Amino acid sequence: MTLQAPPNRLNSQGKIRQVGIEIEFAGLPPRDTAMIVRELFGGELNVVSPHRLLVEDTRWGEFGIELDTQYAHPDKSLVDDPHPEDSEWARHQHQRRVEFHQKTRELIGDMVTGLVPTEIVCPPIPWNELEDLDALFETLREHGAKGTDASLMYGFGLHLNPEAERFDVDYLLAMLRAYLLLAGWLRDEIKVDITREMLPHANPFHKAYALKILDSRYSPDLDTLIDDYLHHNPTRNRELDMLPLFAYLRPDHSHELLHTQLTKPRPTFHYRLPNAQLSQPGWGSVTEWNRWVEVEKLAANSEVLLARCAEYIADHNRPMLTRVKEKLVRLLRREH
């Protein structure tokens, strides 16, 4: 598949925009996965704990590989709390607790390996080098990694974290509008797995929020855009999660969701919709990036974007029976 260029290839500093990739899968434990990453991209192996490893100093930076459950990993706050002012006896007791804790977490990890996914968190990669990254997906497939469609129990996803081109409200509003307009098309293209649809991780936006955002009279400043998003979407579980970007832009914002441990501030969109289709030969980050680029193309074409927004609002304002009838006709045509 040919890699598609976004309409805006550079960030606000004039550098090639980057994209972070996260993928979940079964069938390969973290250590084996880390060895594959090192073999493909170089770097040094750093075993943080038995089920959490880093591959450092690769051509792009640091890859993180781990079992995707906090219970398989030592609690950092316990391990990194030596209390040097304590007595020798107290320090000895603390060390025994730490060792017991580490062994317990290692045992839990051993027990759940194969039941919970392995996750790879890639470093930020220039968008024009994603074809090189796809060697990883092909190699994982060859070594028996199982993706979303390998089992009804596998609600695995691939997340893209495309770097924002810039941070002004007009650009961010255009991106949100384009995404809302193309969300249905993306779901049809991806064929979002039924298990992932049932899980809360990539829920669609509610109609009330779409109608507010797509209304041509909606012209917020950046703080209003952020506050309206948080009011209508008080959750991380959106197919396009804006919380990391908003936390980056407004580090002093009072909303608790922008300060949780799971919200990592960064200058990127957090696109959570794609399946991890490792059973499909040729599937990889390029496939999902190309779909994402359609959102960026629509956002960059202001005339078409506004026309599509007006169509959406006009369609919503038509009688419900008319809309239901036309939807049924489309579904019947698709079946035949």
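Helices α5 and α11 are oblique to each other, since their axes cross at roughly 50° and an angle counts as oblique when it is neither roughly parallel, roughly antiparallel nor roughly perpendicular. The model is predicted.

**The α5 and α11 pair**
- Helix α11 covers residues 302-317, and its axis comes within 10 Å of the axis of α5.
- The crossing of the two helices is left-handed.
- On the α5 side, the contact is made by Ala174, Arg177, Ala178, Leu181 and Leu182.
- On the α11 side, Leu305, Leu306, Arg308, Cys309 and Tyr312 make the contact.

**The largest nonpolar core**
- This core holds 85 residues, of which Phe63, Leu133, Tyr179, Phe269 and Trp292 touch the most other members.
- The core lies between domain 1 (15-79 + 89-163 + 268-276) and domain 2 (165-267 + 301-335), because both give residues to it.
- Beyond its neighbours within four places in sequence, Tyr179 is in contact with Leu186, Phe205, Glu239, Leu240, Tyr271, Leu273, Trp292 and Val295.

**Loop residues with positive phi**
- Asp57 sits in the loop between β3 (52-56) and β4 (63-67).
- Phi of Asp57 is near 60°, a positive value in a residue other than glycine.
- Asp57 has 64% relative accessibility and so counts as exposed.
- Lys191 is in the loop that runs between α5 and α6 (194-198).
- Phi of Lys191 is near 55°, a positive value in a residue other than glycine.
- Lys191 is exposed, at a relative accessible area of 63%.

How values were computed. Residues are numbered from 1 along each chain as its sequence is written. This is a predicted model: local features need pLDDT of at least 70, side-chain atom pairs count only at pLDDT 80 or more; totals for chains, interfaces and linings use all residues. Side-chain values use heavy atoms; hydrogens and water are left out. A nonpolar core is a set of buried Ala, Val, Leu, Ile, Met, Phe, Trp, Tyr and Cys residues joined through side-chain atoms within 4.5 Å. Buried means under 20% relative accessible area, exposed over 50%, partly exposed in between (1.4 Å probe, protein chains only). Domain bounds come from an automatic or database domain assignment. Contact means heavy atoms within 4.5 Å. Axes are lines fitted to C-alpha atoms, for helices over the stretch in contact, and angles run from 0 to 180 degrees between N-to-C directions. Helices (H or I, at least four residues) and strands (E, at least two) are DSSP runs, numbered from the N terminus. Angles under 35 degrees count as roughly parallel, over 145 as roughly antiparallel, 65 to 115 as roughly perpendicular and the rest as oblique. A crossing is left-handed if the near helix is turned anticlockwise from the far one by less than a right angle, and right-handed if clockwise.
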